[in-house]
Every structure is written in structure tokens, then in C-alpha cells.
Amino acid sequence: MPLSETTYCPEQIRIPPELPNILKNFTKAAIRTQPKDLLEWSVAYFTALSNGEPLPVKERLDMSASNRKTDTALTPELLRTLHKQLSQRKTCSKEELWMKWKDLCLQEDQLETLLSLGSFGSEVDWMEFFALGCCALGGTLLSSLKFACEILTENEGGEDPTIPYDTFVKLYTYLAHLDGDMPQEQIDNYLSSLLPQVRGGLPCLDGTPLVHLHL
């Protein structure tokens with residue numbers, strides 16, 4: 001016996017009042033992020049939204065992506081997005097990093113290269129991985145630090161980017177050691193040369209001295 005067709009009247013179809021705004025925000029996020037795999041990214045977006053987690057969304061349209069060899073390589077805005085998602089804790093699991101990386105439709109072989117370069121175990125020190133991401137963007141120590149400062153800065157509106165001095169020390173020291181050609185004395189001398197600037201009244205954030213990077 002065939003099943004009877006169910007007919008719904010308009011009064012039975014209830015549309016949540018917040019749905020239009022949710023779809024509007026989703027559309028704007030997709031335009032800004034421009035994921036390679038829209039379906040996979042959409043799953044990650046709504047999963048994060050339902051869990052109250054940071055969304056896999058670029059803060060702004062990433063014009064640098066057009067200059068990359070492929071549209072799935074890491075860019076400053078994508079690294080900023082990963083930092084927003086994973087920097088709440090000092091470390092993240094390699095599994096979680098893989099998931100967030102794939103959510104943004106990034107090249108898996110690039111992640112494998114960065115993980116291998118950092119010799120990470122099951123837990124990944126996020127700021128060390130972040131430094132490697134900046135290195136992938138910049139290529140040299142100075143340009144890598146410039147990217148780090150621009151991504152981490154609290155300044156807006158075209159002001160010089162600044163980051164906490166302790167953060168700069170960690171990034172600089174890690175990348176300098178990774179380079180392997182810079183003696184510890186040279187590293188210490190450079191960092192010491194910045195201290196007078198920090199103590200001389202540079203802007204502070206929540207009492208933490210900030211250091212300008214003019215690279």
C-alpha cells in the first residue's frame with residue numbers, strides 16, 4: 001500500500017528567526033576565505049559555530065593568495081586564522097592541527113614538511129609551529145619575523161605592528177637556532193640591543209612591554 005503524501009501548510013514550516021543572519025554571515029565568510037573545497041570547509045564552519053569555537057574564517061580577503069603558486073598554499077591570513085583557532089593553549093595535538101589544516105583546504109604535504117622540520121611529537125608547541133609557518137611565508141629570518149609581527153600585532157589602522165617582547169624573543173630564538181648558522185652570542189647580543197627600546201617607554205599591552213619591528 002503506497003504511503004500517502006504529507007502536505008505541509010505554511011504555518012507548519014517554522015523558520016528560526018536567526019537563520020537569515022546565520023546564512024548571511026556564512027556567505028560573507030565564504031567570500032573572504034574562498035576555500036578550495038567549499039563543502040569540506042562548510043562542514044568545519046558550522047561544526048565550529050555549533051561548538052562555540054573560533055571559525056575557520058579569514059579576517060579579510062587575502063590578496064596575497066593570488067601571488068602564490070597554488071591556491072592551497074599557506075598565506076598570512078590563513079596562518080592568522082590558524083593562530084586564532086589554536087593559540088588558546090600552549091600546545092595542540094598533531095591530530096587537531098591536521099584537522100584545522102584540512103578544514104582550510106591547505107596542502108597536506110606542506111604541513112608534513114613543517115611538522116618534519118620542527119621534529120614535533122604527538123603534541124605541537126603552537127608558537128614554534130607558528131614560527132615555522134612564518135618561515136614558510138618569509139623564507140629568511142628577518143622576513144619571517146616581519147610576517148609574525150604583522151599577524152600577531154594588536155595595532156590597527158596602519159600603525160606600526162608591535163608584539164610583546166617575550167613573544168619576539170621566543171620566535172627569534174627558535175628560528176635562529178633552527179637556522180643553525182647563528183652563534184648564541186650573536187642571538188643574545190641582538191636581543192639585548194632591543195631592551196633599551198622596550199624599557200624606554202614603548203607602548204604596552206596589559207602591562208607587557210611591546211617591541212616595534214622595523215625590518
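The legends below describe an overall view and two close-up views of a predicted model.

**Figure 1. Overall fold of the protein chain.** The protein chain contains 9 helices and 5 strands (DSSP runs numbered from the N terminus, with H or I over at least four residues for helices and E over at least two for strands). In sequence order, these elements follow the pattern α-α-α-β-α-α-β-α-α-β-α-α-β-β. Of the 215 residues, 38% are buried (under 20% relative accessible area, with exposed meaning over 50% and partly exposed in between; 1.4 Å probe, protein chains only). Carbon and sulfur atoms account for 54% of an accessible surface of about 12900 Å² (Shrake-Rupley method, 1.4 Å probe; for residues, only the protein chains shown count as cover).

**Figure 2. Nonpolar surface patch.** I13, I15, L19, L23, F46 and L49 form a nonpolar patch of about 520 Å² (residues with over 30% relative accessible area and no salt bridge, nonpolar side chains being joined within 5 Å; a salt bridge places a side-chain nitrogen of Lys or Arg within 4 Å of a carboxyl oxygen of Asp or Glu). Helices α1 (19–33) and α2 (38–51) are the elements that each give two or more residues to the patch. I13 lies in the segment before α1 and is exposed, at 54% relative accessible area.

Figure 3. D109 belongs to helix α5, residues 108–118, and is partly exposed, with a relative accessible area of 48%. The C-alpha atoms of D109 and A73 are 9.9 Å apart, across a sequence separation of 36 residues.

**Notes.** Residues are numbered from 1 along each chain as its sequence is written, and side-chain values use heavy atoms, leaving out hydrogens and water. Local features need pLDDT of at least 70 and side-chain atom pairs count only at pLDDT 80 or more, whereas totals for chains, interfaces and linings use all residues.

Notes. Patch = residues over 30% accessible without salt bridge, like charges linked within 9 Å, V, L, I, M, F, W, Y side chains within 5 Å.
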